[in-house]
Amino acid sequence: MSTPSVATTSRWRALTHHNLFWPVAVLIALLLVNVPFTPDFFAIKMTDGHLYGSLVSIVLFGSPLILVAVGMTLVIATGGIDLSVGAVVAITGALTCSYISDQADQNALAGVFLAMGIGLVAAVVCGLWNGFLVARMGIQPIIATLIIMVAGRGVAQLITDGQIITINSEPYKLIGGGYWLTLPFSIFVVAAVVAVTVALTRRTALGLLVESVGGNAEASRLVGIRSRRIKIMVYMFCALCAGIAGLMISSNTSAADGNNAGLWIELDAILAVVIGGTSLLGGRFSIGGTVVGALVIQTLTTTIYTIGVPTQTNLVFKAVVVIIVCLLQSPKFRAKVFGANGPKGLRRAAAPAPATPAADAAPKMEVSR
Amino acid sequence: MAEPRPVLEMTGIVKEFPGVRALSGVDFRLFPGEIHALMGENGAGKSTLIKVLTGVYSLDGGTVTLDGKSVHIGSPLQAQQAGISTVYQEVNLCPNLSVAENIFIGREPTRGGRIQWKRMRKEAAELVDRLGLDIDVTAPLSSYPLAVQQLVAIVRSVGTGDSDGEGSGTKVLVLDEPTSSLDRDEVLELFRLMRRLRDEGVAILFVSHFLDQIYEICDRMTVLRNGTLVGEHMVRDLDQVGLIELMIGKALDQLEELHEHQLRSDVGETLLEAEGLGRAGGIAPFDLEIKKGEVIGLAGLLGSGRTELARLLFGADQPDSGKVTIGGKQVSMSAPNDAIGAGVAFCSENRKTEGLVPDLTVRENIILALQAARGWTRPIPAAQRDELVAKYIKALDIRPANPEARVGQLSGGNQQKVLLARWLITQPQLLILDEPTRGIDIGAKAEIQKLVVSLSEDGMAVLYIAAELEEVLRLSHTIGVLRDRKLVARLTNGPEITTSKILETIASGEHQ
Amino acid sequence: MSATTKTPTVPEGRTASQASAVTRLLGDRRLPVLVTAALFLAMYITGLSRYQNYGFAEPQVFLNLFIDNGYLLVAAVGATFVILSGGIDLSVGSLIGFTTMFTAWLVERQGLPLLLVIPLALAVGAFGGFLMGYVIHNFEIQPFIVTLAGLFLFRGLCLVISKESISISDSTVSSMAQTRVSLGLGELSIGAIVALVVLAAAFYILHYTRFGRRVYAVGGNEQSALLMGLPLGGTKIAVYTMSGFCSALAGLLFMLYIQSGDPLHAVGMELDAIAAVVIGGTLLTGGSGYVLGTLFGVLVLGLIKSIIQFEGTLSSWWTKIATGVLLCAFILIQRAMTARKQT
């Protein structure tokens, strides 16, 4: 056994201590699992001026989930949760498609833009309602967003009249199924939304205030943060992201299905956020982590498909992942299973946990000498 | 009056926490049929002793004897089974259940697994009756005010032994600050019940911050200071000044350099005026004037209303009455935002729960107040932000001097400095410091005190709360004296004002 | 034990005997149940007046509410336990779907006798609930997330058994499904009777056993329950076990009702169950509510479906919208009630 030099150790430590290390490691591991089964897994081919390949399709199919999860990240960072995003996806798709299908010329740009505008406004209104219930009425987020989760799909079916509305609009098809600069257009949409979100949270003070509200609500009130406004804004933003995802899903299939569009996407999104390292208790959040988390989920689906495991086991795998991630995040579990010294990677996360009781005890002891 | 043998005897109790010895060899005795006060300021070890007694903490040394037998109390449940019951300030009952259920839950009378509701209600009613209370046991607990809920909690703890057939049931009843949020009539009702239980032979340990209540109800008292026993007295043998002296002691002053400091005599024009400001259950309406460049110290025992007064001035709690004028303009004080907008800053005594966001970095915590005031759309430019943060880290000597460090990992003194920095960069007109030196090392303490002096010299008004009178006396131009949730006197600092003068004022409750 | 004389020296306005009647009515925990019951009656009467020519007045229409919603009632009773204890169970729908698949597969594909399959399915459901409760309590993970994993797991296991639906042609099943018990005015199915028995049992457990009262205590204030010396962990685990058992039983009833197993059976039924519980007046924060309220919640949801059928022109999605609106109304009522208590 040779001891690694101090320099490498510290570099390795710095790397493993980065908050994106574990999500990215899991993603890479999942990708590598595919190679023995599909040797050209990482190959990207150019056909008809479009790039094809497993990596491209992972991003393409994962796009709606990334969008929803990015919005969800901010909501969770404030200590909330939004169960209504799946219903919002359905409502947006239904409104937009039904408007387009009523147009004489479904390819007219103006009509398509107006339709998308209507859909997105509806989504934002849903978010406003959620935010109003949570921030103004003081209702628990799970309960408040349950209302639209239950009623929203009914509304979507009402809009589509219970049918699956199919449309035939070339401009609209671009968002979810088209190509631009050799890549699927939705990748650009996702990149734009992620960039805007990062800019909005890190270039302004929004991210700081969101983390403060989620990290310590009472302290935030006492420094004068207007947490109500921030919460309402965050729910609206989350719904907007869900709305864009709704456009993408309905565009990809050129159809609006009030019943099945975005089904369970809220659960996948929450999972993506948790895998990405944002705590469900609120506080510190990582948009990058969430994107990686969403890609992990999509890669899992793809991997199950490529390695020949029956696709129906997908959900079982997902359940296992949820449980493992949650158990690893639970201080109690770590204390029970790993004792005081966690395994290498977990030590960083585990370290504050044993330290806290002592630190918390100190002020209670009321030391004054 | 005491019977020869104590029901409870704790000898040489030691309790240590990492780095702190909370109790060092404390002896404590409790006799049947007495009401005994446990007195002490912050850090005296009062609550630690109670937690050891009730099984919340395990002890690191010493013995506990109950009824002449040595016992080991490992958990609250074991304490209950041994006959030691506790009622806390916060009622630990289920408000959604009926009074009878709250008295009996966990040991409801059953026959064949079926709860006998009639029998339970009857027994509950009898128990309540026996103790001379008029409570409808079928009503949900939440339909009663907190005071009655507390009585129910006592009834539950007293009734604990009865149905198990363990003879006398509760031998020791610990009442931990039960009167903090009760009004006078409610307190009287509680006292009536306490006397009744005392007459039945229960030993009652009573903790309260209200001196009058101690002198009204208690027979004996034990005083702790800094984790040691400083005296066990009959209440009638020790007057209030004597008691307060025992509690506060003559703290040795290690902050020599500050002794040289001469208080500036010329303070500026009026900055803040509070008229009849008050909040029921918090602090009685008070008038207060604060001038620019003035340091106002608040002196009073723990629970005397110091913090409550400060919170009203910051809008952290909403006042029921009165108005506040700052710089000639009336401020509504319905939320901290109002106060912050008027240039008031507040460092809470609870750094962890009401001050810092532990997950965020030092830098983020420092700029939080300024950023909140600017709104989310106008971030502080990175260069300016880093400069400000670096300046204050240097000025206050925050260690580690790393703006990226997580605040939760800093020591208490450095966390306090981060909080101070947070407010100082907003350049407030009035800085409220609630026990800024609590639980921090002596060096940091001196630095913070020096800072207060220099801030006031620059024209900032400071409202300074500290448990140690020396500290208040040294820094303040004016000293507000509080007792039993009232601002009882306002003393202008001068040669004739000494700690014993303040002590007398606290003890007598009036300006002499 | 000597002093029995009552000394009513309690200050005025502090005793229940003097508390105003209005406050007590508004603070009465039975109020939401009464509101729901009144709502049900009002809807039923409206139905009577509107569709009297279409046979709405037949007693059988009323009894059909139990026949068509028996499985939902059982699932909602399980959810009531969980919600009363302050938790939530999202795995209900998946567990129902899984039970239909599991039993259909065992009976049809493996040829096991139904009498063996029924206890097996119930045991699997209860064990699933137990596992979730164990993780929730011992590792302090939010019930929402743990039961979400349960949702994925059981739905996934459905698909693992088969992607296609399995129709059940077993003679025992079809004869049981068709059995009707006459009540004179009309008749009930076995499923409806089982549901009513479960309801009665739940009522007894909640109100006449120590366990039932512990559920309320834990939901009212977990910390207090612990300090009062109640077995917190045991209660929580038992509650989720109970919910798992009820979900499995609901799955069996659903299988009887539909006579098939399908991996997509009962998707989202956890929402219906939760909605029924909330509409029935149980606080989602726990500690307050009645299982009888849950019955009315289920009946209201069932009646909405019946009315929509009778209306003819209304489409099925109005059920969801109406459920959402009712849910919203009841959440706001609850909020108003708890807000008043805090002040």
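I began with the sheet of chain B, in which 6 strands form an open sheet in the order 6-9-10-3-11-12 with mixed pairing; strands are DSSP runs of E of at least two residues, helices are runs of H or I of at least four, both numbered from the N terminus, and two strands pair if DSSP finds at least two bridges between them. Strand 6 (84-87) and strand 12 (228-234) of chain B each have a single partner strand, so these edge strands are left with one side lacking a neighbour in the sheet. I noted an average twist of 20° from one strand to the next.

The model is predicted: local features need pLDDT of at least 70, side-chain atom pairs count only at pLDDT 80 or more, and totals for chains, interfaces and linings use all residues. Residues are numbered from 1 along each chain as its sequence is written, while chains are lettered from A and ligands numbered from 1 in the order in which they are written.

I then looked up strand 11 (residues 220-225) of chain B, which runs antiparallel to strand 12 of chain B and is joined to it by 6 bridges; B:L224 has B:L229 as its bridge partner in strand 12. Helix 8 (residues 240-248) of chain B lies across strand 3, strand 11 and strand 12 of chain B, at about 30° to strand 11, with contact meaning C-beta atoms, placed from the backbone, within 7 Å, and with axes fitted to C-alpha atoms, for helices over the stretch in contact, and angles from 0 to 180 degrees between N-to-C directions.

How values were computed:
Two residues are in contact if their C-beta atoms, placed from the backbone, lie within 7 Å.
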